[in-house]
Amino acid sequence: MIPLLLTDRIGDDHGLGYGYPQAGLYSEVGFADLTGFQAIERGGRLVLRVRLARYANPLQAPQGFSLAVVGIYLDTAPGGAEELPGAGFKTPAGQGWEQAVLLTGWGAEQRDPTGGSQALELQRSGDWLEVWPKVPPGNYGYYVTVGLYDPFTPWHFRPTRPGGGAWTINAPLDAPAAVDVLANDQAAAYQSGVLPPVRIGTDRSLWAWIAAGAGLLTFILAFLIPRRGPGAPKLPRRARGGEKAGKGEGIDIDFES
């Protein structure tokens, strides 16, 4: 499979102007702010990695965060379910999901549209959450969503309603429950209620990272490797055979074999 490496803008974890619940627990910022997503292969297994801006843990969850829930829905085959339960979005027609991965501070599980579920391995690796779904590596489509954790809802996304409340998100009627999603145009996704998947070929994919890295490397090398004009004197090379350069001599880099 081709690795999928994507970033998301910092500070966009409020849907379309959502208001967080009024309970003091939610006074912190950034705990539901998605900043990165990776789908990679490691040891012949698919690994999904998610990065949040902060990992607030006032409830002392064993995974080190307790206020956010992450829902990742995988489009692995034609067809599939076109409702994203919990997050509250729909998929584009014909691009439904077949498997979903749910991450909370109390662990991870894999679910399917029929209601089946199984526990998954989840761990923190620096600023990343890593999970190993029981799906073979492949170039899939992904719907990546983050909400506020609620232990009393089936998919652990805290609900929305106009006016909000101490434990409810203030949002328009029937608005999605996810407060942040991975999308090229997040505003359009919230306005339409349809979330496009990210996959290889997305504008912010691996190839954009490679192009940016190549440009940066060229820029750095332009300063590290000295340029000589046509009439510039050649600096003496360091003697071979282990001899040290004498006092006052320059040291040149010898690229010859």
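Let's start with a turn. β10 and β11 form a hairpin with 2 residues between them, and G126 in that turn has a positive phi of about 65°. Strand here means a DSSP run of E, at least two residues; a helix is a run of H or I, at least four; both are numbered from the N terminus. β10 covers residues 122–125 and β11 covers residues 128–131. They run antiparallel, joined by 4 bridges. Two strands pair if DSSP finds at least two bridges between them. S125 stands opposite W128 in β11.

Some ground rules. This is a predicted model: local features need pLDDT of at least 70, side-chain atom pairs count only at pLDDT 80 or more, and totals for chains, interfaces and linings use all residues. Residues are numbered from 1 along each chain as its sequence is written, and side-chain values use heavy atoms, with hydrogens and water left out.

Now the whole protein. It has 2 helices and 15 strands. Of its 257 residues, 45% count as buried. Buried means under 20% relative accessible area, exposed means over 50%, and partly exposed is in between, using a 1.4 Å probe and protein chains only. Take the contacts with a separation of 6 or more: 60% of them join residues 24 or more positions apart. Contact means heavy atoms within 4.5 Å.

Next, a second hairpin. β2 and β3 also have 2 residues between them, and G43 in the turn has a positive phi of about 60°. β2 spans residues 34–42; 7 of its 9 residues are buried, so the strand is largely enclosed by the rest of the structure. Which strands pair with β2? One is β1, residues 4–7, antiparallel over 4 bridges. Another is β3, residues 45–52, antiparallel over 8 bridges. Look at F37 in β2. F37 is the bridge partner of L6, and F37 also stands opposite V50 in β3.

Stay in that area for E28. E28 sits in the loop between β1 and β2. Is E28 buried or partly exposed? Partly exposed, with a relative accessible area of 26%. Leaving out residues up to four places away in sequence, E28 touches R54 and A56. With the side chain of R54, the E28 side chain makes a polar contact at 3.0 Å. A polar contact is a pair of N or O atoms within 3.5 Å; within protein, one must be able to donate a hydrogen and the other to accept it, and residues adjacent in sequence count only if both atoms are side-chain atoms. E28 and A56 are 28 residues apart in sequence, yet 7.9 Å apart in space, C-alpha to C-alpha.

On to the open sheet. Its 6 strands run β9-β8-β7-β4-β12-β15, with antiparallel pairing. The edges are β9 (117–120) and β15 (180–181), and each pairs on one side only. β7 pairs with β8, residues 107–111, over 5 bridges. There, L103 has A108 in β8 as its bridge partner.

Last, E98. E98 lies in the loop between β6 (89–90) and β7 (99–104). E98 is buried yet has no salt bridge. That would take a side-chain nitrogen of Lys or Arg within 4 Å of a carboxyl oxygen of Asp or Glu. How far away is R199, the nearest side chain of opposite charge? 8.5 Å. Lys and Arg count as positive, Asp and Glu as negative; His and the chain ends are not counted. A polar atom of the E98 side chain lies 3.2 Å from the backbone nitrogen of A77. Leaving aside neighbours within four places in sequence, E98 is in contact with residues including L74, A77, G80 and R111.
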